[in-house]
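The paragraphs after it are meant to be read with the model in view.

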Amino acid sequence: MLSSGALRAHLIEARLAGTIATTREQSLRRYRLFAARDPRVLLGLEPERDWSFGDVLRLMGRECGISVDPTHTSGPDAIEPDRTIAALDAFADRIAAAAARRTPVLLGTGHPHPLLDFYAALADALSSAGCPVLTPAYGRRVDMATRFGVRTRVLDYVQGVALMREPGVGGAPVEGGVHTHSPLPVRTALGVAAAAAGPLPGLVIGDHGWVCGAGQLGIEAIGLADADDPAPFVGRAEGHLSVVVPLDDGAPSACYRPLIHYVLNRACLSR
């Protein structure tokens, strides 16, 4: 079993925590956009109260360990590794509880290239433990806003994990998989599941709009979030999300493998 000390060393070496690739400029810009309630950074969350830039900065300091000095405006950002480990412990505990209850789960990612393998391992472990891994709205087309205007994307499932693809692109697991912050995919999936009178998830696992959108609808959600994505942390602070793990969410896929082992071992789901 990977010890917390070994995990901490890996987080720092892989730059998942400690000094990360996310820049301070990017983080502060998105905090200001969140304070202005820009839908591009709300990720489907509807905050219950007004969050000023200072409020968001202080929250991210508590949740991620970033600097709360507003005059620190450039260079790489930093996440406190011990906060990442504590959140991973809580994340694993929620996975274990879902497995014990055989809770139906829905997994989805807006970061298919780096994070698909992480979520796929969770889907496999939860399925083996008896949890229904749901795949509603497979193949459904969704019109989504992008930097290039509205584009049609297709909801696909790879190894039990939802992602959005370019229409007509198949093949390798993440070929054609697109990066998205939108809550429309999870809203579509849940709407189709409800209309079909099929099972609804008792837990949604993922990132970006998948967890914020689900949490806003009252479904328990846990996930991963970078230092420049304040919405999941605000969602947790307001009680919409159960667990948010602070880490760099855009590293190479292999960097997350030790986290998979750590979470599954703690959840007693390793095989």
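What follows goes from a pair of helices to the nonpolar core and then to the cysteines.

This is a predicted model, in which local features need pLDDT of at least 70 and side-chain atom pairs count only at pLDDT 80 or more, while totals for chains, interfaces and linings use all residues. Residues are numbered from 1 along each chain as its sequence is written, and side-chain values use heavy atoms, with hydrogens and water left out.

Helices (H or I, at least four residues) and strands (E, at least two) are DSSP runs, numbered from the N terminus. Two packed helices are described by the angle between their axes and the distance between the axes. Helix H2 (residues 24-35) packs against helix H9 (residues 230-237) at an angle of about 50 degrees, and their axes lie 10 Å apart; here axes are lines fitted to C-alpha atoms, for helices over the stretch in contact, and angles run from 0 to 180 degrees between N-to-C directions. H2 is therefore oblique to H9, given that angles under 35 degrees count as roughly parallel, over 145 as roughly antiparallel, 65 to 115 as roughly perpendicular and the rest as oblique. In this pairing, Arg30, Tyr31 and Phe34 of H2 meet Pro230, Ala231 and Val234 of H9, where contact means heavy atoms within 4.5 Å.

How many of the residues of H9 are buried? Buried means under 20% relative accessible area, exposed over 50%, and partly exposed in between (1.4 Å probe, protein chains only). The count for H9 is 6 of the 8 residues, so this helix is largely enclosed by the rest of the structure. The buried residues in H9 are Pro230, Ala231, Pro232, Phe233, Val234 and Gly235, and what covers them includes H2, helix H4 (53-64) and strand E8 (221-225).

A nonpolar core is a set of buried Ala, Val, Leu, Ile, Met, Phe, Trp, Tyr and Cys residues joined through side-chain atoms within 4.5 Å. In the largest such core, of 89 residues, Phe91, Leu122 and Ile205 touch the most other members, and helix H6 (residues 112-128) provides the largest share, 9 residues. Among the residues that Phe91 touches, not counting those up to four places away in sequence, are Phe118, Ile222 and Val263.

With a disulfide taken as a pair of cysteine sulfur atoms within 2.5 Å, the count comes to 0 disulfides. For Cys131, the nearest cysteine sulfur is that of Cys268, 14 Å away, and Cys131 counts as buried at 3% relative accessibility.
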